[in-house]
Amino acid sequence: MRLRGNVLALLALAVLAALSVVSQADALTGLKAYKTVVITVQVTPSPAPVGWLAPAAKKQSYPDPFPRDVQIASSGAVWDVAPGAAPMMIAQSVAQPTPVPVQFVAKPDPNAQFLRVIPHPPAAGQYNIPYGTSVFPCAFEIYTYYSNSYKLQDWGYGTTKTGGANSGTFPIENYPQNSYLSWAVPDFSPAYTAYWNQGATGETTWSGTVGQAQQHCVNLTFTVPNVQPPGLFTATVQYSLYVTLP
């Protein structure tokens, strides 16, 4: 019985030690900064529908059976109407109030030295994509740095595991549906990964060592299924920088 009690005591100490290590590991990692990237896509029908417009039908006009005098303003107090008739109201210019000057103070981002996004937006301001798969190299770049080791994580903002009705729409769907928007960091790997849609904190984009500054291109690929209706859609991706605290 005494030996059994000692074994149980040792097991209890081992469990406490393991929990202590995990707790310390969690306490040493914290969120330093995050950025959101909003991606706008216009899905166009393919092939484009062709339609014809019928010419407008001609309307037949008839003379006015009740003609009446028209009041026309003239210079001075003279009006080209019968005496005693009320003149027409003429629009008058109204003096506009003096605009109040507004000053905008641009404050620098205190976290730009650790995490920043360098966008490369398309000329149209949005991605015009047909049905099928489209690839856009270096859609944007991300810069990361910290004095300690760190990791960059990404996830489709607003997505859930349970498939909420108000979140996770095309092109980043709710889990377990795979996202139709994928990413790749070409100087790390040419393989594309569908954006994480299981909620925070997401997947690891890349890691950094102590004092390592990195800037990498992010390629995007869109896949539009045939059942997807055309229209304008947006996707928001959050990039979070988790650092190892001293």
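**View 1. An open sheet of 5 strands runs in the order β2-β4-β9-β6-β7, with antiparallel pairing.** The edges are held by β2 (115-119) and β7 (193-194), each with a single partner strand, so one side of each is left without a neighbour in the sheet. This is a predicted model, in which local features need pLDDT of at least 70 and side-chain atom pairs count only at pLDDT 80 or more, while totals for chains, interfaces and linings use all residues. Residues are numbered from 1 along each chain as its sequence is written, and side-chain values use heavy atoms, with hydrogens and water left out. Strands (E, at least two residues) and helices (H or I, at least four) are DSSP runs numbered from the N terminus, and two strands pair if DSSP finds at least two bridges between them.

**View 2. Strand β4 (residues 132-144) pairs with β9 in the antiparallel sense over 10 bridges.** Within this pairing, valine 218 of β9 is the bridge partner of phenylalanine 140.

**View 3. Proline 225 lies in the loop between β9 (214-224) and β10 (231-244).** Proline 225 has a relative accessible area of 19% and is therefore buried (under 20% relative accessible area, with a 1.4 Å probe and protein chains only). Neighbours within four places in sequence aside, proline 225 is in contact with Tyr131, Phe170 and Tyr180, contact meaning heavy atoms within 4.5 Å.

**View 4. The mean pLDDT (the predictor's confidence in each residue, from 0 to 100) of the chain is 78.** Where pLDDT is low, the predicted coordinates should not be read in detail.

Methods:
Buried < 20%, exposed > 50% of the residue type's maximum accessible area, 1.4 Å probe, protein only.
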